[in-house]
Amino acid sequence: MKLATWNVNSLNVRLPHVLDWLRLHQPDALCLQELKMEDARFPRDAIMAAGYHSAFLGQKTYNGVAILSRTPATGVVHNIPGHSDEQKRVIVATISGVRLVCAYVPNGQSVGSEKYQYKLAWLQAFRQWVAEEAVRSSRLAVLGDYNIAPEDRDVHDPKAWEGQVLVSEPERTAFRALVDIGLADSFRMFDQPEKSFTWWDYRMNGFKRNSGMRIDHILLSPELAARCVSCTVDLEPRKLERPSDHAPVWCELN
DNA sequence: ATGGCTTGAGTGTCAAGA
């Protein structure tokens, strides 16, 4: 089983890349973030033509998440249950007996800002709910754009970024609190290249200089972690014309 | 140098991303 996540930074612009990627990699499920479109504009037919079902939660201009899957989704949930939020950042579905959480964690803008406070409060509610879901589902995967680089080795220039948003200690503590539910950061279960990142700034030739961060993650419950044989960042789509600033990440499970 | 790109909104130029 192949599970993947990709922040596409506008599904409208990136749809050709997504369709090509589905055809090339044939994942069982692909979690998307930053659709930046209302539900009425979701390209369900084009995705169906590529052989995939869609569960999606969009909004105008910002945010928006989707789970594409070869088999139909069941038990779809929108947003964090019990947590009131205008922003569409979470969709959950069961695919072939695996409970998938697709999350677009708030960016936080800058440490101490209102958006940073919103990010930390959001992460607290998210962790609480994921912990409950982990009790209900032994086969649980939490995929998405976490907007947190968990360790200094996940940052191209840790000194320059020290204490900044995406790497600040409260954010990293919130990430560890998710892991402490009993979820494994699947990427770190395996040997990986030095300076592996999933996001690179569009500006200043960020990708060419590998000036990036690892902020997109796949966390797995113990049962799924035991079945996981690889976790890979796919750099190829970032090399295309008009790329997303994020790369896809995918796991292979036995 | 608080810049540097990209997107969506909408037709000016700004907010937001990370």
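Tutor: A residue is near a molecule or strand if its C-beta atom, placed from the backbone, lies within 6 Å of it. In this predicted model, local features need pLDDT of at least 70 and side-chain atom pairs count only at pLDDT 80 or more, while totals for chains, interfaces and linings use all residues. Residues are numbered from 1 along each chain as written, with chains lettered from A and ligands numbered from 1 in written order.

Student: Which residues come nearest to DNA strand B?

Tutor: Ser10, Asn12, Asn107, Tyr202 and Arg203 do, out of 22 residues around DNA strand B.

Student: How many helices and strands does chain A have?

Tutor: Chain A has six helices and 14 strands, taken as DSSP runs numbered from the N terminus (helices H or I, at least four residues; strands E, at least two).

Student: What does the span of helix α1 show?

Tutor: The expected span is 1.5 Å times one less than the number of residues. For the 15 residues of α1 (11-25) a straight helix would give 21 Å, but the end C-alpha atoms of α1 span only 18 Å. α1 bends by about 30° at His17, the angle between axes fitted to the seven residues ending there and the seven starting there. After α1 comes Gln26, with a positive phi near 45°.

Student: Which residues of α1 are buried?

Tutor: Leu11, Arg14, His17, Val18 and Trp21 are; buried requires 20 or more other C-beta atoms, placed from the backbone, within 10 Å of the residue's own. Residues three or four places apart point the same way, because an α-helix has 3.6 residues a turn. Over chain A, 43% of the 254 residues count as buried.

Student: What are the spans of chain A along its principal axes?

Tutor: The C-alpha trace of chain A spans about 45 × 45 × 40 Å.

Key. A residue is buried if 20 or more other C-beta atoms lie within 10 Å of its own, exposed if 12 or fewer, and partly exposed in between; C-beta atoms are placed from the backbone.
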